[in-house]
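Let's walk through this one together, starting with how a pair of its elements sit against each other and then stepping back to the whole chain.

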Amino acid sequence: MDPYFSTIVGSRLREIRTTAGYSVSQLAKLFECSEDHYRRIERGVYTLSLEKLAKLYSWAGIDPLFLITGKRRNVDSTGKKNAEDAESLVMMKQLIGYCNTVAKEV
């Protein structure tokens, strides 16, 4: 994977973590890794795996679309996501499922 991409994703992850008030320790525990290893993910030394993306989403609702693309989902005034965002989420889940299947076959 492109090291620049890993650095960008790690930077976005750090932004979300600090904004949401999560500690490095909390995310390291979620990822079942050391705090040092987690910090390397945020610095882009290590790539964020699909499994970790799925854990972030299921544990804390951290949007994998933002981590990968930098685009935030639109939320209307009632706090509901629009239909386009729902479709994007379904596509993201399918992509993660497909990638996990391919990874298991390799």
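This is a predicted model: local features need pLDDT of at least 70, side-chain atom pairs count only at pLDDT 80 or more; totals for chains, interfaces and linings use all residues.

**How the helices pack**

The crossing of α2 and α4 is right-handed.

Which residues do the touching here? From α2 come Gln 26, Leu 27, Leu 30 and Phe 31, and they meet Lys 52, Lys 55, Leu 56 and Trp 59 of α4. Sorted by class, the residues of this contact are 5 nonpolar, 1 polar and 2 charged.

Now look at helix α1 (residues 3-20) and helix α3 (residues 35-43), which pack at about 115° with axes 6 Å apart. That makes α1 and α3 roughly perpendicular to each other. On the α1 side you'll find Ser 6, Thr 7, Gly 10, Ser 11, Leu 13, Arg 14 and Arg 17, while α3 brings Tyr 38, Ile 41, Glu 42 and Arg 43. The α1 and α3 contact has 3 nonpolar, 4 polar and 4 charged residues.

Stepping back, the protein has 6 helices and 0 strands. It has 106 residues, and 30% of them count as buried. Among contacts with a separation of 6 or more, 54% link residues 24 or more positions apart.

How values were computed:
Residues are numbered from 1 along each chain as its sequence is written. Side-chain values use heavy atoms; hydrogens and water are left out. A crossing is left-handed if the near helix is turned anticlockwise from the far one by less than a right angle, and right-handed if clockwise. Helices (H or I, at least four residues) and strands (E, at least two) are DSSP runs, numbered from the N terminus. Contact means heavy atoms within 4.5 Å. Ala, Val, Leu, Ile, Met, Phe, Trp, Tyr, Cys and Pro count as nonpolar, Asp, Glu, Lys and Arg as charged, and the others, Gly among them, as polar. Axes are lines fitted to C-alpha atoms, for helices over the stretch in contact, and angles run from 0 to 180 degrees between N-to-C directions. Angles under 35 degrees count as roughly parallel, over 145 as roughly antiparallel, 65 to 115 as roughly perpendicular and the rest as oblique. Buried means under 20% relative accessible area, exposed over 50%, partly exposed in between (1.4 Å probe, protein chains only).
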